[in-house]
Amino acid sequence: RKTVELVRRAEHAGMSWITVHGRTTKQRTEPVNTEAIKLVRETVSVPVIANGDIKTLDDIRAVVESTNVNGVMAARGILQNPAMYDGFTSTTVQCVQDWVDISLRCGLTFTCFHHHLMYMLEKVMAKTERRVFNTLTSIPAVLDFLNEHYGIRSTTLT
């Protein structure tokens with residue numbers, strides 16, 4: 001009820017669209033509440049974007065069908081699989097290659113570079129590989145690992 005009142009006031013104040021995460025901070029480990037998102041969608045006339053538990057194209061279809069939202073937003077789902085919106089069920093080697101090249105070209109910090117790769121490769125790597133990969137402490141070590149296991153080489157450094 002508080003959310004519905006808040007979005008009504010925000011719409012009246014001139015917002016042009018809204019993103020709704022279908023759970024509270026206390027519900028973080030629970031499934032997204034699509035009924036709450038649907039209620040917000042039915043309450044306002046501006047576009048509503050659903051967020052929460054979007055990890056596959058099937059999740060997108062289900063949320064859109066059950067809530068009638070205008071779009072979706074993914075956080076962890078897109079971190080784990082940046083190729084999700086292109087229909088892939090896991091991160092592709094080309095996607096990892098692109099991430100490596102962009103990160104090195106932009107001078108991304110090791111922590112951010114490695115952290116994103118940990119998400120991207122979580123479902124690709126075996127548990128034993130993840131244990132090794134997650135303990136790497138430098139960009140050269142990560143690049144060596146990616147080259148050895150996946151044939152990925154930085155095109156930025158060559």
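These legends describe close-up views of a predicted model. Local features are given where pLDDT is at least 70 and side-chain atom pairs where pLDDT is 80 or more, while totals for chains, interfaces and linings use all residues. Residues are numbered from 1 along each chain as its sequence is written, and side-chain values use heavy atoms, with hydrogens and water left out.

**View 1. A salt bridge between Asp-53 and Arg-23.** The closest N and O atoms of Asp-53 and Arg-23 are 3.1 Å apart. A salt bridge here is a side-chain nitrogen of Lys or Arg within 4 Å of a carboxyl oxygen of Asp or Glu. By this rule the model has 2 salt bridges. Helices (H or I, at least four residues) and strands (E, at least two) are DSSP runs, numbered from the N terminus. Arg-23 counts as buried, because its relative accessibility is 10%. Asp-53 counts as partly exposed at 29%. Buried means under 20% relative accessible area, exposed means over 50%, and partly exposed lies in between (1.4 Å probe, protein chains only). Side chains of opposite charge can pair when their charged atoms come close.

View 2. Arg-61 and Asp-58 form a salt bridge in which the closest N and O atoms are 2.8 Å apart. The two residues are 3 residues apart in H3, so about one helical turn separates them. Arg-61 is partly exposed, with a relative accessible area of 44%. Asp-58 counts as exposed at 53% relative accessibility.

View 3. Ile-60, Val-63 and Thr-67 are the buried residues of H3. These residues are on the same side of H3 because they cover an arc of only 70° around the axis. The arc is that of the directions from the helix axis to the C-beta atoms. Asp-58 and Glu-65 are exposed on the other side of H3.

View 4. Most residues other than glycine have a negative phi. Asp-53 has a phi near 60°, a positive value in a residue other than glycine. Asp-53 is placed in the loop between S2 and H3. For Asn-68, phi is also positive, near 65°. Asn-68 is in the loop between H3 and strand S3 (71-73). Asn-68 is exposed, because its relative accessible area is 55%.

**View 5. A positive surface patch.** Arg-28, Lys-55, Arg-76 and Lys-123 form this patch. Patches are made of residues with over 30% relative accessible area and no salt bridge, with like charges joined within 9 Å and nonpolar side chains (Val, Leu, Ile, Met, Phe, Trp, Tyr) within 5 Å. Lys and Arg count as positive, Asp and Glu as negative, and His and the chain ends are not counted. The place of a charge is taken as NZ of Lys, CZ of Arg, CG of Asp or CD of Glu. Accessible areas come from the Shrake-Rupley method with a 1.4 Å probe, and for residues only the protein chains shown count as cover. One member, Arg-28, lies in the loop between strand S1 (18-21) and helix H2 (34-43). Arg-28 is exposed, with a relative accessible area of 61%.

**View 6. Met-120 and Leu-79.** The C-alpha atoms of Met-120 and Leu-79 are separated by 6.1 Å, and the residues are 41 residues apart along the chain. Met-120 is in helix H6 (residues 110-121). Met-120 counts as buried, because its relative accessibility is 4%.

**View 7. Two residues of the loop between H4 and H5.** Pro-82 lies in the loop between H4 and H5. At 33% relative accessibility, Pro-82 is partly exposed. From Pro-82 to Val-44, 38 residues apart along the chain, the C-alpha atoms are separated by 31 Å. Ser-90 lies in the loop between helix H4 (76-80) and helix H5 (93-106). Ser-90 is partly exposed at 31% relative accessibility. The C-alpha atoms of Ser-90 and Phe-110 are separated by 23 Å, with the residues 20 residues apart along the chain.
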